[in-house]
Amino acid sequence: MNASAEVDVVVIGGGATGAGVLRDLAMRGLRALLVERGDFTSGTSGRYHGLLHSGARYVESDPISARHCIEENAVLRRIAPATIEPTGGYFVATPDDPDDYLERFPAACAEAGIEAEPVPLDDLLRAEPLLNREIRAAYRVPDASLEPWELVDANLASAREHGAEARRYQAVIRFDRSADGAVTAVRVRDERSGDENTIACRAVVSAAGAWAGKVAELAGATLAMSPGKGSMLILNRRMTTAVINRLAPPGDGDILVPVHTVCILGTTDVTVPDPDDAHVTRDEVDALLLEGERLVPGISGARVLRAYAGSRPLYDASDLGGAHADESREISRAHHVIDHGRRDGVGGFWSIVGGKLTTYRLMARDTVDAVAASLDVETPCRTADEPLPSPASGTPYWLGDRLAALEAEGGGNAELICECELVTQRRLDHALDERGDSSLDDLRRTTRLGMGPCQGAFCMPRAAAVLDARRPGAANASLRGFMAERFNGTRSIAWGDQLAELWLTAGIFRGILAVGNLADAPPEASEVQHAAS
Amino acid sequence: MPRADVVVIGAGLAGLSCAAELAERGARVFLAAKGMATTHWTHGGLDVASPAAAPTSRDGIRLLAAMKSHPYRILAADADASVAAHLARMASEGLEHIGSLDAPLTGIPTAIGSLRRAAILPLAQAAALGPWDGEGLLLVGFGRYRDAWAPYAARNLRHAQWPGGPSVVAAVEVDLPGLERLRNIAPHVLARMFQDPAWRTRALSAIADALPAGAWRIGLPAVLGLDAHAEVHADAECTLGHRVFEMASLPPSVPGLRLFEALRRRILASGGRIQVGFDVVEVERSGRRVIAIHTEAASRTLRIGGDAFVLATGGIGGAGIRARHDGTLVERVFGLPVAAPPRDRWFSDDPLRPHPLETAGIEVTDDLASPNLENVRVIGSSLSGMHYLDERCGDGVALASAHRAARSLAGTKAVAA
């Protein structure tokens, strides 16, 4: 053990799992520091479909995950109500779905402890009139819509209250180990300034998700990850009020999740060698729309705002000695805590892999149980008992609240930087007060800037001017990075109105403003944009 | 039901100019458009042809005309006459311009602080053109007006490569009277306020009070009035005691609104008719000829018959061409075939670089006729083969093709008045 350690535990990865681990460590009295190579919630947690699983999706293929999901579903509703919109969910059998799956479903749900109540079709179609009229059976399950950015921020805020620290734009570049192989320190590089820094510690938890294999390699351990790319489409309005799932084995385009003013159609599942591969292919888009048609006929004629992909932190089951499978959906989504001291001779190093965003807290608990025991800390986990900090309202974010607040001040557009998501200059200033080093893309995650139908055409230059006033010289690189990020998510769904919107955007940036000719010599340090986001 | 010699579809620069010229030549013209067009997105200058290597617009036209399948390949000869006719038309409506095809293309500042190459500008933007004679550039923003970014633009311009540019670039933010109480502050709202002489006097003196000492040219947001624009601009220069130029920012573009209104007035004054706001829902044909279009009017469809038809509905941006999710491209009025690159090459990786898909459009014969429909001419951004943003040639092609179509239709039986 490292006697001169600055902290007890370094946590690598600023998604839901890492934030959950940090909070759990801090609540057990351990000194903990989280490092994230990009912005918080910019990896898989920020690139998922927004579904708080009931677990019913996995009752057949992965009963362990199913049970974890329903238990954590109840926990999160208790400790994080402000991040959850209780939409409810349905599993619906279309004429294309297999009879035997439908027959086994109720018993499998009961077995996993998931309440699945049959719904008369008339009631279903009254509640969800856009659904396929040929749906032949439906069950109501406790699915919900979950806001990942706020969930991660709440976990980080709680961790800070308990004395922990979290730093973003810190990439791990090296592990220091003692003669017996144990980890003694982690070396990180600040992705913006390039400065390097060594953090002495007694233990390290890698919560790097799909990137955990790369982190393990840096530590001298091996970890066979099998990242599963999942692509999703954002449609510009809510097609349904509740989450809709196909009553069939997991497949492409079988989930529709209402999220705020839009809905998300997901997902594909493609095993990719590189977790940074977030490219949505045309085949994936076609597959999603084709399958989406079976849930909501005509959905492929709707306006698609954006496509995006996340990288599932799937762990290659063959590495655990289980049966090997090529299809990543067949690999268990249940989580595994890996003690690399026992496994690879790298003492004090743990990886947490697999799992779902819904089960992040359980994953954190199991990890911290192991780490705490190794550090002779016996304090039990309390993360399921103590609610997360929440906004004063205690209710989920709703765009209508922003509109009401604007109207209470007299309404009008003068204060709005982003009209689609009603982001005022005051809100941007507040976000910059909180995290002054934010790029425009970071501000998007905290304020929803540029996430509406115009995908930033109007708000980007306005927000760049706000940023320039705060950090002279930083705005141009940030603007270019944000434009590239918005463009990446639009071009694979560029047809109809959204293609015309892209052309309007081009007309503004290249025609009127000639952004490509902007001077490239900002007086202060340039910003690093994350390639994956 | 309306009947016309020529039915023009689309109200952008091409459609409006074509309808105006036909009406001036005595044709019975009906212009139908589904909505306001891309004039409202523009910076207000005239992009005739400014590809990167061209010193003048004339050189630019020559370079573009040498490219296979560029519209200038067949339109270069019309550039002089069409630009001259356009500038005369604008002048007659009170919108004077400066510059010519032979004027040097020089960098003028944009609202974000980059330099855009231009040669032909409305008078109210002329002071942005070099050479600068030792004056400084002072950018003025208005308090609470979110689309003028004077300090940001000034910082960018101080770092720009700007040979022969201003001696110094500065920025100042001015609170205009009453703006603190206004809830909606859009460019056209401010433009209307500037039309009011009493408010204008107070607003201009507020700006004058904020001016630092020195010899300046002053860049103001492009909101200096609508139909009284010339008077507002002259007033601004007189009160401020410096040359003043407008800088267009995010849409709606007030210079574009003025252009639209000037051409609209011109068409109406010459006896043409205009219907804006309704889509074409049906096309009547007889063999390879179009007999009539039907538009979706307020309470029933309206049949508009004509001897000739001009398609000026624009490209993808103007919504004349629409992509389906399977990647097919549809010309929305007549269903003409669209020439475009294969779908896997539609985009470049960088949003600031030209995308191959920008060249999508309709292929035409040398007199702009559709090979599929013998009495349909195609003009403006509906034409295939140009990268209008990078080549900065959209306005020039719009004017030259509008002029070519109007001239050729005026010479046929269709307009035998």
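Predicted model: local features only at pLDDT ≥ 70, side-chain atom pairs only at ≥ 80, totals over all residues.
The expected span of a helix is 1.5 Å times one less than its number of residues.

Helix α5(A) covers residues 148-161, and its 14 residues should span 20 Å; the end C-alpha atoms are 20 Å apart, so the two values agree. This helix is mostly covered, with 11 of its 14 residues buried. Among the buried residues are P148(A), W149(A), L151(A), V152(A) and L156(A). The cover over the buried residues of α5(A) includes the helices α1 (16-27) and α12 (440-447) and the strands β8 (144-146) and β9 (165-167), which belong to chain A.

Helix α10(A), residues 399-408, is hardly covered: of its 10 residues, the number buried is zero. Both α5(A) and α10(A) are followed by a glycine with a positive phi, as the table lists.

| Helix | Glycine that follows | Phi |
|---|---|---|
| α5(A) | G163(A) | positive, near 95 degrees |
| α10(A) | G410(A) | positive, near 110 degrees |

Two packed helices are described by the angle between their axes and the distance between the axes. Helix α7(B), residues 197-210, packs against helix α8(B), residues 229-240, at an angle of about 40 degrees, and the axes are 9 Å apart. Because of this angle, α7(B) is oblique to α8(B). Their crossing is right-handed. On the α7(B) side the contact is made by R200(B), L204(B), S205(B), I207(B) and A208(B), and on the α8(B) side by V232(B), D235(B), A236(B), T239(B) and L240(B). By class, this contact has six nonpolar, two polar and two charged residues.

Methods: Residues numbered from 1 in each chain as written. Chains lettered and ligands numbered in written order. Buried ≥ 20, exposed ≤ 12 C-beta atoms within 10 Å, placed from the backbone. Helix = DSSP H or I, 4+ residues; strand = E, 2+ residues; numbered from the N terminus. Contact = placed C-beta atoms within 7 Å. Axes fitted to C-alpha atoms, helices over the stretch in contact; angles between N-to-C directions. Parallel < 35°, antiparallel > 145°, perpendicular 65-115°, else oblique. Left-handed = near helix turned anticlockwise from the far one by under 90°. Nonpolar A, V, L, I, M, F, W, Y, C, P; charged D, E, K, R; others polar.
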